[in-house]
Amino acid sequence: MKTKEQMDDNSVSRTVTVVNPEGVHARPADMFARTASRFSSEIQVSKNGQSVDGKSILGILTLAAEEGSQLEIDASGEDAAQAIDALAQLVQAGFTEDQNIRG
Amino acid sequence: MKFSEFVCTEAINPQLAADDKESAIRAMVDSLVTGSGVSADEKDDIVKAILKREELGSTGIGRGIAVPHTKHPSVERLVGTVAISNEGVDFDSLDGEKVQLLFLLVSPPDKPTDHLRALEHISRQLRDEMFCKFLKQAKTREDISQLLEEADNNQFVS
């Protein structure tokens with residue numbers, strides 16, 4: 001859920017909640033990093049003050065984001081707004097994973 | 001979650017001979033059976049489940065690392081093993097590179113948090129280049145076991 005949004009020229013930040021019961025495991029981390037990599041903006045994700053590169057699966061996995069965790073996504077660059085929209089949508093849609101298979 | 005809490009030491013394979021994904025996974029699950037991590041009767045089903053997960057997207061997450069895994073009702077707690085391949089295994093990795101460091105996990109279906117914590121620990125440690133380098137150079141199960149213990153004690157990353 002969107003709880004905060006800030007905007008200046010080239011940098012956008014938004015906080016979203018992890019809604020899928022399995023949390024951000026390997027498959028969601030892969031999906032997040034792939035989506036982030038489609039944009040030229042620099043993307044950081046943070047949880048409880050720990051910040052990692054949003055284009056790195058290893059980085060995202062170190063957040064161990066469970067269901068209910070708040071993730072702050074920060075993007076800066078030309079396509080920051082589009083990147084934030086795409087990434088927030090991905091998280092809020094629960095990564096639309098198949099619940100029967102652990103990713 | 002520390003390596004010592006889920007890695008089955010007897011199942012560690014310092015010289016994985018497999019060169020393709022299926023045989024690598026099969027060899028690692030075989031080691032888990034040998035190390036009493038999983039039951040022999042469930043072996044084929046676990047291999048099948050891990051391969052099915054791979055079809056969704058490779059767990060070869062780049063930098064020569066793969067984390068093949070599945071949930072399986074036959075395990076009561078998260079169990080895992082580590083294998084090192086000198087030649088590298090073709091794993092359809094996201095970056096196209098062969099994988100040399102493999103961490104395989106089998107977790108109970110009702111413990112998603114344990115699975116996340118294990119992935120967190122593995123990824124946190126593997127971000128350290130020295131840890132990866134030492135693992136790739138390890139020749140024996142004891143070498144690997146000692147490296148995992150050092151990592152658990154935060155000797156690589158804090």
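Analyst: Let's start with B:P108, found in the loop between β5 (99-107) and α4 (112-126) of chain B; helices (H or I, at least four residues) and strands (E, at least two) are DSSP runs, numbered from the N terminus. This is a predicted model, where local features need pLDDT of at least 70, side-chain atom pairs count only at pLDDT 80 or more, and totals for chains, interfaces and linings use all residues. Residues are numbered from 1 along each chain as its sequence is written, chains are lettered from A and ligands numbered from 1 in the order in which they are written, and side-chain values use heavy atoms, with hydrogens and water left out.

User: Is B:P108 buried or exposed?

Analyst: B:P108 is buried, at 4% relative accessible area. Buried means under 20%, exposed over 50%, partly exposed in between (1.4 Å probe, protein chains only).

User: What about B:C8, where does that lie?

Analyst: B:C8 is in the loop between α1 and α2 of chain B, and B:C8 counts as buried because its relative accessibility is 11%. B:C132 is buried as well, at 6%.

User: Where is B:D19 placed?

Analyst: B:D19 sits in the loop between α1 (3-6) and α2 (21-34) of chain B. B:D19 is exposed, with 53% relative accessible area.
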